[in-house]
Amino acid sequence: MPNDAPGAHHSPDSPSGSALPTSGAARPADAVLIDKYGRQVTYLRLSITDRCDFRCRYCMAEEMEFLPRAQVLTLEECLRLASAFVELGVSKLRITGGEPLVRRNAIWLLERLTHLPGLRELVMTTNGSQLARFAPALRAAGVRRINISLDTLRAERFRRITRVGDLSRVLAGIAAARTAGFERLKINTVLLRGVNDDEICDLVRFAIAQEVDIAFIEQMPFGELGQSRRASFLSSDEALALLRADFVLVPSAESTGGPARYWRIPGQATRVGFIAPHSHNFCAACNRVRVSARGELFPCLGSNDAVHLLPLLRAHPADDAPVRAAIAQGMGFKPKGHEFGHRLDAPHLVRFMSMTGG
Ligand code: SAM
Ligand code: SF4
């Protein structure tokens, strides 16, 4: 689990191999990723591991079988892939998982990603459990903003949601991240009826006290087949109504370039966001794609269509042109919109969020 010291210069997954992405053919100036609906993809969410030190109920099975190491992208392959996307016009990269900070040598990768020419934003989503240890190294590696997942402020409830997590470690991680001086921190909270709907106001008060943003996320239909989401689904509109009992909320035109709608509380720096894939479809402005820990390009979170990039990386170890071509072709699979809307009962996506990269 522990990462190597930041700044190690050898190649961590294959010590004798090259750490640098191969350049392949020069990119034509107009090579950008545009799908058939005219949307330009500028944002990649890259999962660097399917493993995690938590087992959140809405994300994973209790007994998860993780991928064999050989089926997971090496860190060098992560770097090559990210480099290929950036050459194709991606300017924002979010490192996610699984839990990205349980990936050995994650800092090694971040230190290199940050220097990719054309990359403007390097950010991460984490469960916060390892942040007390890694926050300074992440900041030093060039990570600008971090999203930290936190669904409750009650230790016992936290344990129930995550099955194994320790709330005090996440709170220590948030404190360390604040000290490390990131440009912005945001808490991500999954809305869970009957689980944390009585804490929504407390979580906003916590965010205000910590001087961080907070975004509430509607639960999406991932995970174990047959597990019904209808009972625990809480819409962003219901959450907003609950918040209005305690706060004055003013709609904000601000955007972080993502699907969240933001609200301001007069006199406070904290922004309150809602990510509502069910009730407020945001597909028309979608600018993102995901790559899973095993190198599958998912053009849409709501679809099982994927392009397998790992075999191409391994078949062409010194040439990134084939993988760039496959990425560009993958844009053709990006659907106009997802179909989460009426699928609360049986998850139609037979995979876990931790696989896809949330
Ligand atoms: N382990 C890290 C974390 O928890 O922040 C990063 C990966 S996690 C898959 C990314 C985000 O996806 C987290 O904020 C998590 O709460 C969210 N997530 C996982 N399963 C979800 C689901 N079924 N519906 C909505 N959000 C989900
Ligand atoms: Fe792990 Fe994040 Fe999934 Fe929770 S949501 S199980 S922390 S990957």
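Mentor: We begin with residue classes: Ala, Val, Leu, Ile, Met, Phe, Trp, Tyr, Cys and Pro count as nonpolar, Asp, Glu, Lys and Arg as charged, and the others, Gly among them, as polar. Please keep in mind that this is a predicted model. With these classes, the shell around ligand 2 has 5 nonpolar, 2 polar and no charged residues.

Trainee: Which residues surround ligand 2?

Mentor: The surrounding residues are C52, F54, C56, C59, M60, G98 and N127.

Trainee: What is the order of the strands in the open sheet?

Mentor: The sheet has 12 strands in the order β7-β8-β9-β6-β5-β4-β3-β2-β1-β10-β11-β12, and its pairing is mixed. β7 (250–252) and β12 (307–308) are the edge strands; each has a single partner strand, so one side of each lacks a neighbour in the sheet.

Trainee: In which sense do β3 and β4 pair?

Mentor: β3 pairs with β4 (residues 145–149) in the parallel sense, over 4 bridges. T126 belongs to β3 (residues 121–126), and its bridge partner in β4 is I148.

Trainee: Is T126 buried or exposed?

Mentor: Burial is judged by relative accessible area, with under 20% as the cut-off. T126 counts as buried because its relative accessibility is 1%. Leaving aside residues up to four places away in sequence, T126 touches E99, L101, L131, I146, N147, I148 and S149.

Trainee: How many residues of helix α2 are buried?

Mentor: In α2 (residues 106–113), 8 of the 8 residues are buried, so the helix is largely enclosed by the rest of the structure. They are A106, I107, W108, L109, L110, E111, R112 and L113. These buried residues pack against α1 (75–87), β2 (92–96), β3 and α3 (131–140).

Trainee: At roughly what angle do the axes of α6 and α7 cross?

Mentor: An angle of 65 to 115 degrees counts as roughly perpendicular. The axes of α6 (residues 200–210) and α7 (residues 236–244) come within 9 Å and cross at roughly 70 degrees; the two helices are therefore roughly perpendicular to each other. I200, C201 and V204 of α6 meet A239, L242 and L243 of α7, a contact with 6 nonpolar, no polar and no charged residues.

Trainee: Which strands does α7 lie across?

Mentor: α7 lies across β5 (184–191), β6 (213–218), β8 (261–264) and β9 (271–275), and runs at about 155 degrees to β9.

Methods. Residues numbered from 1 in each chain as written. Chains lettered and ligands numbered in written order. Predicted model: local features only at pLDDT ≥ 70, side-chain atom pairs only at ≥ 80, totals over all residues. Heavy atoms only, no water. Axes fitted to C-alpha atoms, helices over the stretch in contact; angles between N-to-C directions. Parallel < 35°, antiparallel > 145°, perpendicular 65-115°, else oblique. Contact = heavy atoms within 4.5 Å. Near = heavy atom within 4 Å. Buried < 20%, exposed > 50% of the residue type's maximum accessible area, 1.4 Å probe, protein only. Pairing = 2+ DSSP bridges.
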